[in-house]
Amino acid sequence: ISCKQHAKEISEPFSVEVATVEARKLPYTKSFIAPIAANYSATIQPRISGFLLSSSFKNGMPVKRGQLIFTLDDAPQRANLLAAEASLSSSKAKAVEARRNYERAIPLARINAISQTQFDQYTAENLAAIAAVKSAEQSLRNARLDESYTRIYAPISGIISSSAATAGDYVGVGTAFSTLTTIQNIDTVSVDIAIPMSEYLSLSGRKAFSYDNASLLSDIRLQVADGSEYPESGFYQYTRQSVTSEMGTIVLVVGFLNPNYALKVGQFARISATIGGDRECIVVPQQAVTQIQNISFVWVIRDDSTAEYRAVKLGDTTDEWWIVEEGLVAGEIVATTGLQKLQNGMKVSMTK
């Protein structure tokens with residue numbers, strides 16, 4: 001009896017639950033892995049050469065625009081400034097004397113009490129004295145500028161990197177420390193999204209390259225390395241000028257507000273974005289798909305109620321569905337249970 005029961009069990013079709021492959025209009029969501037970049041950065045270089053007196057910041061910490069970050073020894077600049085002030089005073093004194101001589105010469109020249117040559121000499125000396133004052137004033141402005149350059153302030157707000165120069169080093173143009181540090185502004189961070197040109201043309205509905213693709217992207221989200229989703233949604237910034245010749249891709253740059261500096265430059269993130277409008281997709285329930293290493297497959301139930309192994313190419317997930325790029329067509333039946341026990345050509349009975 002037991003053998004008969006066993007034979008009966010073998011002959012009975014294997015019971016599986018099934019679902020119908022559907023075609024649905026869905027937004028096209030694509031994922032990208034890319035490093036996070038600073039919105040912009042500033043390289044800090046001294047405008048004059050001199051000995052570094054002090055640094056007024058902590059490496060890797062935020063600084064504010066206008067904050068003092070380096071101080072250079074200003075003794076040479078102070079000496080030049082005092083010399084320029086003295087030169088200006090001397091030039092002004094000479095200009096006063098030349099002006100008085102010129103003014104006294106005017107009535108004398110009218111009555112021919114002095115020769116025309118003498119009058120021309122007084123006129124030239126007056127003009128030369130005026131020009132000397134202007135030159136001395138410019139020299140003083142230059143000296144003040146040089147003196148102000150001994151104090152270096154942060155040109156932007158951001159995170160300041162470490163500096164190789166320390167107090168006592170000779171820094172400036174032509175020295176070993178022509179660059180002191182960099183500041184990266186990460187109030188907003190940027191991420192590059194690279195889309196194959198053929199795909200871009202298909203999704204954008206245009207036959208020519210456009211630099212304004214703001215309407216092409218929506219629902220831009222970011223996931224960090226631990227899989228958690230960043231609370232701020234992204235936004236389109238701009239499209240890079242050229243298409244990369246190596247990969248044949250167009251690069252769209254998206255931004256994320258980063259008020260608490262939670263996102264770091266160089267950190268890799270997963271970006272997902274809806275590109276273009278809705279498109280018709282083939283979808284199956286996620287439980288119908290088996291993934292082993294790099295292979296994804298489903299069990300298709302044929303018209304004769306037998307199981308067929310079918311490898312598929314998957315897209316993204318949406319809710320409880322897998323988007324199937326290749327391998328299935330709408331209307332086919334796939335198994336959603338008993339996937340580990342099915343074999344090619346096995347007879348099954350279906351329940352939904």
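**Exercise 1. Determine what share of the contacts with a separation of 6 or more in the protein chain comes from residues 24 or more positions apart, and then describe the overall form of the chain.**

Step 1. In this predicted model, residues 24 or more positions apart supply 75% of those contacts in the protein chain that have a separation of 6 or more.

Step 2. The secondary structure of the chain consists of four helices and 20 strands. The radius of gyration is 39 Å, well over the 20 Å that the globule rule gives for 352 residues, so the chain is more spread out than a compact globule.

Step 3. The spans of the C-alpha trace along its principal axes are about 150 × 50 × 30 Å.

Step 4. For the charges, the mean position of the 33 positive ones and that of the 35 negative ones are 6 Å apart.

**Exercise 2. Work out whether arginine 221 is buried or exposed, and find which residues surround it.**

Step 1. Arginine 221 belongs to strand S10, which covers residues 217–223.

Step 2. Its relative accessible area is 18%, and because buried means under 20%, arginine 221 is placed in the buried class.

Step 3. Once neighbours within four places in sequence are set aside, arginine 221 is in contact with Glu229, Tyr230, Pro231, Glu232, Ser233, Phe256, Arg270, Ile271 and Ser272.

Step 4. Glutamate 229 also takes part in a polar contact, in which its side chain and the side chain of arginine 221 are joined at 3.0 Å.

Step 5. Aspartate 219 lies in strand S10 as well, but with a relative accessible area of 54% it is exposed. Its phi is positive, at about 50 degrees, although aspartate 219 is not a glycine.

**Exercise 3. Trace helix H2 through glutamate 103 and serine 87, and then consider the loop between H2 and helix H3.**

Step 1. Helix H2 runs over residues 75–110 and includes glutamate 103; serine 87 is found in helix H2 too.

Step 2. Glutamate 103 is partly exposed, its relative accessible area being 40%, and serine 87 is likewise partly exposed, with a value of 37%.

Step 3. From glutamate 103 to asparagine 126 the separation is 23 residues in sequence and 9.4 Å in space between C-alpha atoms. From serine 87 to alanine 132 there are 45 residues along the chain, and their C-alpha atoms are separated by 9.6 Å.

Step 4. The loop between H2 and helix H3 (116–148) contains asparagine 112, which counts as exposed at 68% relative accessibility. The phi of asparagine 112 is near 60 degrees, a positive value in a residue other than glycine.

**Exercise 4. Identify what arginine 24 and threonine 336 touch, leaving out residues up to four places away in sequence.**

Step 1. Arginine 24 is part of strand S2, residues 22–44, and its relative accessible area of 31% makes it partly exposed.

Step 2. The residues that arginine 24 touches, with that exclusion, are Arg279, Glu280, Cys281, Val283 and Trp321.

Step 3. For arginine 151, which is 127 residues from arginine 24 along the chain, the C-alpha separation from arginine 24 is 64 Å.

Step 4. Threonine 336 sits in the loop that links strand S19 (333–335) and strand S20 (348–351), and it is buried, with a relative accessible area of 12%.

Step 5. Under the exclusion of residues up to four places away, threonine 336 touches Glu17, Val18, Ala19, Pro285, Gln287 and Ala288.

Notes:
Residues are numbered from 1 along each chain as its sequence is written. This is a predicted model: local features need pLDDT of at least 70, side-chain atom pairs count only at pLDDT 80 or more; totals for chains, interfaces and linings use all residues. Side-chain values use heavy atoms; hydrogens and water are left out. Helices (H or I, at least four residues) and strands (E, at least two) are DSSP runs, numbered from the N terminus. Buried means under 20% relative accessible area, exposed over 50%, partly exposed in between (1.4 Å probe, protein chains only). A polar contact is a pair of N or O atoms within 3.5 Å; within protein, one must be able to donate a hydrogen and the other to accept it, and residues adjacent in sequence count only if both atoms are side-chain atoms. Contact means heavy atoms within 4.5 Å. The radius of gyration is taken over C-alpha atoms; the globule rule is 2.2 Å times the number of residues to the power 0.38. Lys and Arg count as positive and Asp and Glu as negative; His and the chain ends are not counted. The place of a charge is taken as NZ of Lys, CZ of Arg, CG of Asp or CD of Glu.
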